[in-house]
Amino acid sequence: MNVTVTPSEFRFVSYDADLIARSAATIAEASGLGELPIAVEVDETTPLARMTLHLPGSPESDAHGGAIVIRAESGAFEDTRRPRHQSEVATANSLGRQLLRARDRLLGGFGEAPADADLTLAQVAAWEVYCVGRLERLGVAVNQQRWRYNFRNRHGFSDRVDTAFEQLWASDGLTWAELDAISRGVTGDAPTAA
């Protein structure tokens, strides 16, 4: 597995580049991305947790030889109980969500999905649930209640919303049209044309 992590040694946070690389490699292999190079760039100067994904064909990917590029602010990997220290669980969860989104876009019927910047908050929440449910089945420790609450905040608090959450959580092999229809079905929006 070809995973590079930048920086290779951290100065502002107590993070382990090898742990980040192992986590990315394990999840990529389990999700069918084992042959693709991955570059993880961590901005250790900010405690925020924003992450961005750049796929082959983008300028960011081209700069890394066609790798899947994940840019993460250091808070995405942080142990919430010990600031500036890395959490193995947070690292696996954050990288796993990005890698499964990459898999969906590259291999999984998500070609017509809007660019990340154009997704609605409800669509992001639905896609996150779909990713985290699959992460759990890959053996990554996840907090289902965290994602259920986020999904409810974006879709409403009702039995119908909880049913949609369970459907997304338990699904494998959804297309973008199917995921979007589930998300729009609980918000009352008309589904997009497939």
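Leaving aside neighbours within four places in sequence, which residues is Ser94 in contact with? They are Met51, Ala76 and Phe77, where contact means heavy atoms within 4.5 Å.

This is a predicted model: local features need pLDDT of at least 70, side-chain atom pairs count only at pLDDT 80 or more, and totals for chains, interfaces and linings use all residues. Residues are numbered from 1 along each chain as its sequence is written, and side-chain values use heavy atoms, with hydrogens and water left out.

Ser94 sits in helix α3 (residues 88-107); helices are DSSP runs of H or I with at least four residues, strands are E runs of at least two, and both are numbered from the N terminus. Ser94 counts as buried because its relative accessibility is 6%; buried means under 20% relative accessible area with a 1.4 Å probe, protein chains only.

| Side chain | Backbone atom | Distance |
|---|---|---|
| Ser94 | oxygen of Ala76 | 2.7 Å |
| Asn143 (oxygen) | nitrogen of Gln145 | within 3.2 Å |

The Asn143 contact is at the start of α5. Helix α5 covers residues 144-155. Its buried residues include Trp147, Arg148, Phe151 and His155. Just after α5, Gly156 has a positive phi of about 115 degrees.

Notes: Expected span 1.5 Å × (residues − 1). Buried < 20%, exposed > 50% of the residue type's maximum accessible area, 1.4 Å probe, protein only. Polar contact = N/O pair within 3.5 Å; in protein donor to acceptor, adjacent residues only side chain to side chain.
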